Amino acid sequence: MRHVDVLVVGAGPAGSATAIHLARSGASVLLADRATFPRDKACGGGVTGRALRQVPCDITPVVERVVDTFELRLNHTRSFRRTSTAPLILMTQRRRLDAFLAEQAVTAGARFQDGARVENIVIGEVGVSATVGGDTITADVLVGADGANGTVAKAAGLDAGIERGVALEGNVPWAVLDEERYATTAVVEVGAPAGGYGWLFPKGDHANLGVGGWATEGPRLRDHLARLAHAYSVDPDAITGLRGHRLPMRRIGASTPASRRVILVGDAAGLVDPLSGDGMYEAFVSARLAAEAIVAGAPESYPAALADALDHHAGASWTAKQALDRHPAVCFWAARSPGVFGVVAGLLRGDVGHPDEARGLARPPLRLISRVARRR
Ligand SMILES: Cc1cc2nc3c(=O)[nH]c(=O)nc-3n(C[C@H](O)[C@H](O)[C@H](O)COP(=O)(O)OP(=O)(O)OC[C@H]3O[C@@H](n4cnc5c(N)ncnc54)[C@H](O)[C@@H]3O)c2cc1C
């Protein structure tokens, strides 16, 4: 039986970032993932500027495109484009990003074991034990970074209060799309599916097409994706690597991401942004805060720190999601109004913390979105 200070379950962005922070602070860390790396994960692979500020290492080696243009479309008919003076989103592929982050965790001093499922979790008063790839490991603290379908939250009784959306994505070679037009553009198509949107994101040798929404949209996601493909004159059969996954979104105040010996980070804590469906910003923020709480010997301080960091913004996202769901056309026209792109770009880059910070011409359309969300 081996003992470590911290056992981190799952080597996605949340788990590897937690391991990096902890190992740099001198903790002994075992980072374990059931998959053999490099492995893929259903994801658009868009790291917003806001998320980038939270990544604990330089990810330049795995960035394939830099997006500075945002195109918003409504029901495959109307659209507008806006270009930012600074990068908005860095595009990577999760197969590459996650392997790179796990390597960085090893460089920081963590031990990484892939192909090692963590199971038989027992949470005690003074520590935890689990089997990792068949070996028994004990640890002072267990970090659940095991994603949307993880088991740590269930084992710790921390899985309440989480809404689950669903998304489906795949890749299309540039040979069947206009690479020049989309090379630095993220396209977002609103109006369907309910509770979400469709997207086109540029990657090195292909574009990523995807759709996501409420869990009830699950059976219709393939049709939504086919419709999206047709909008670009792409045969849906040309989409390769189709992958679907859940989008866990916590209701504010309804879930607890930690107990005495267990801390949840990233998707395991249900931290996906309800409006954008992004979760990497939240994964990196929660990783940092979890590591700080563990190093300070106070895991119980983590829930309040996480709420301070994320709840205000998540509240605005729930509001905007409700408005988009009820009145996509109003939201589209509000987004098109003068000044609003400056706020959207600021939110993506991380220069603006919350839509409330909007000034001047952007305020009335953003207030309209809040009113529409409240209207029955
Ligand atoms: C279709 C889609 C598109 C998305 N697009 C974006 C985007 O463009 N930008 C963005 O920021 N976010 C996006 N997201 C959200 C983003 O993918 C997640 O928020 C992010 O992956 C969360 O990272 P994580 O480390 O918490 O979990 P994950 O990345 O899911 O990692 C969890 C890891 O835990 C491992 N694991 C699970 N159980 C065990 C076990 N018992 N033992 C050992 N290991 C285990 C898994 O193998 C996995 O490697 C998207 C999500 C979906 C579904």
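Me: How many residues of domain 2 are in contact with domain 3, and how many of domain 3 are involved?

Reply: The size of an interface is often given as the accessible area lost when the parts come together. Here, in a predicted model, residues in contact are counted instead: 13 residues of domain 2 are in contact with 14 residues of domain 3. On the domain 2 side, β5 (69-74) and β6 (78-83) each supply at least two of the residues that touch domain 3. By class, that side has eight nonpolar, three polar and two charged residues.

Me: How far apart do the C-alpha centres of domain 2 and domain 3 lie?

Reply: The C-alpha centres of these two domains are 21 Å apart. The assignment for the chain gives domain 2 as 66-88 + 163-246 and domain 3 as 316-374, besides domain 1 (2-46 + 93-162 + 250-310).

Me: Why does the ligand lie between domain 1 and domain 2?

Reply: Both domains give residues to the shell around the ligand, so the ligand lies between them.

Me: Which residues of the shell are closest to the ligand, and which elements supply it?

Reply: The ligand is surrounded by 40 residues, with Gly 10, Gly 12, Gly 147, Gly 266 and Gly 279 the closest. At least two shell residues come from each of α1 (13-24), β12 (162-173), β15 (206-214), β16 (240-250) and α7 (280-295). The most come from α1, which gives three.

Me: How do the shell residues divide by class?

Reply: The shell around the ligand has 17 nonpolar, 15 polar and eight charged residues.

Conventions. Residues numbered from 1 in each chain as written. Predicted model: local features only at pLDDT ≥ 70, side-chain atom pairs only at ≥ 80, totals over all residues. Near = placed C-beta within 6 Å. Helix = DSSP H or I, 4+ residues; strand = E, 2+ residues; numbered from the N terminus. Nonpolar A, V, L, I, M, F, W, Y, C, P; charged D, E, K, R; others polar. Domains from an automatic or database assignment. Contact = placed C-beta atoms within 7 Å.
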